[in-house]
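Trainee: Hi! Could you walk me through the charged residues and helices in this one?
Mentor: Happy to, let's take a look together.

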Amino acid sequence: MAKKLKIEDEVYGKMTLIDEEYWRLDNKLDINLNGTVHQVKGEIEIYDDTYIRYEYNLMPEPVKRFYDEHPEEIEKEEAIEANKKQKELFQKLIIDNIGIVEKNMEEAAFRKREEMMENQTEESFARILGKDKAKRVFAAKTREEKLESIQLKRMRVMQDCIEITCTCDWFSPSGGFSIFPDLGVEMLYVDCMSI
């Protein structure tokens with residue numbers, strides 16, 4: 001891609017196309033988790049990069065002519081429908097119901113932490129995470145202390161969910177949250193995520 005494509009969207013705001021792989025939201029999103037506001041980088045997954053290159057005139061002229069002559073080769077309707085679904089998901093989860101999503105993220109993190117610590121001792125956890133982290137994890141007594149090491153990093157709007165990566169003392173190597181259309185949230189290892 002020769003130049004950076006920047007557009008303004010009525011739902012997402014200003015965004016920049018990154019290597020025709022995803023849109024990056026130019027403004028970070030504020031997500032309040034455990035009383036701390038995290039500024040999260042936002043991304044929008046691209047359904048069909050051919051459609052994006054065609055729609056924004058980013059392909060060489062001979063290739064564009066081919067698609068002009070064979071519009072059936074571009075999944076235009078599918079790409080438009082996917083984009084619409086993503087906007088609706090973003091609107092519902094991040095704009096209209098962010099307070100509920102934030103609470104559900106906290107609950108998911110608390111559940112995952114309890115699951116990870118089941119049958120663990122400070123010594124066994126130290127072998128996985130290191131002594132300093134294990135000491136902090138086992139010293140935490142209140143709910144707030146147990147969740148305070150979570151650092152939200154990056155959010156991507158997918159077709160069927162929104163994913164947010166994070167790091168924290170008790171989840172190694174790293175993980176994140178999958179947020180579903182029904183406002184449900186699950187905390188997963190990063191290798192189980194699409195982001």
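Mentor: One term to begin with: a salt bridge is a side-chain nitrogen of Lys or Arg within 4 Å of a carboxyl oxygen of Asp or Glu. Keep in mind that this is a predicted model.

Trainee: Okay! Which side chain of opposite charge is nearest to E102?
Mentor: That is K103, 6.8 Å away. E102 is buried but has no salt bridge.

Trainee: Where does E102 sit, and what does it touch?
Mentor: E102 is part of helix α4, residues 98-117. Leaving out residues up to four places away in sequence, E102 touches D30, I31, N32 and L33.

Trainee: How many salt bridges are there in the whole structure?
Mentor: A search finds 14. One of them pairs K87 with E10, with the closest N and O atoms 3.0 Å apart. K87 is in helix α3 and E10 is in the loop between β1 and β2, so the pair ties together parts 77 residues apart in sequence.

Trainee: Is K87 buried or exposed? And E10, buried or exposed?
Mentor: K87 is buried, at 15% relative accessible area, whereas E10 is exposed, at 68%.

Trainee: What about E43, which residue does it pair with?
Mentor: E43 forms a salt bridge with R156, at 2.7 Å between the closest N and O atoms. E43 is in strand β5 and R156 in strand β6, 113 residues apart. Both E43 and R156 are buried.

Trainee: Switching topic: how do α5 and α6 cross?
Mentor: Their axes come within 7 Å and cross at roughly 135°, so α5 and α6 are oblique to each other. The crossing is right-handed. Residues making the contact include F125 and L129 of α5 and V137 and F138 of α6.

Technical notes
Residues numbered from 1 in each chain as written. Predicted model: local features only at pLDDT ≥ 70, side-chain atom pairs only at ≥ 80, totals over all residues. Heavy atoms only, no water. Helix = DSSP H or I, 4+ residues; strand = E, 2+ residues; numbered from the N terminus. Buried < 20%, exposed > 50% of the residue type's maximum accessible area, 1.4 Å probe, protein only. Lys, Arg positive; Asp, Glu negative; His and termini not counted. Contact = heavy atoms within 4.5 Å. Axes fitted to C-alpha atoms, helices over the stretch in contact; angles between N-to-C directions. Parallel < 35°, antiparallel > 145°, perpendicular 65-115°, else oblique. Left-handed = near helix turned anticlockwise from the far one by under 90°.
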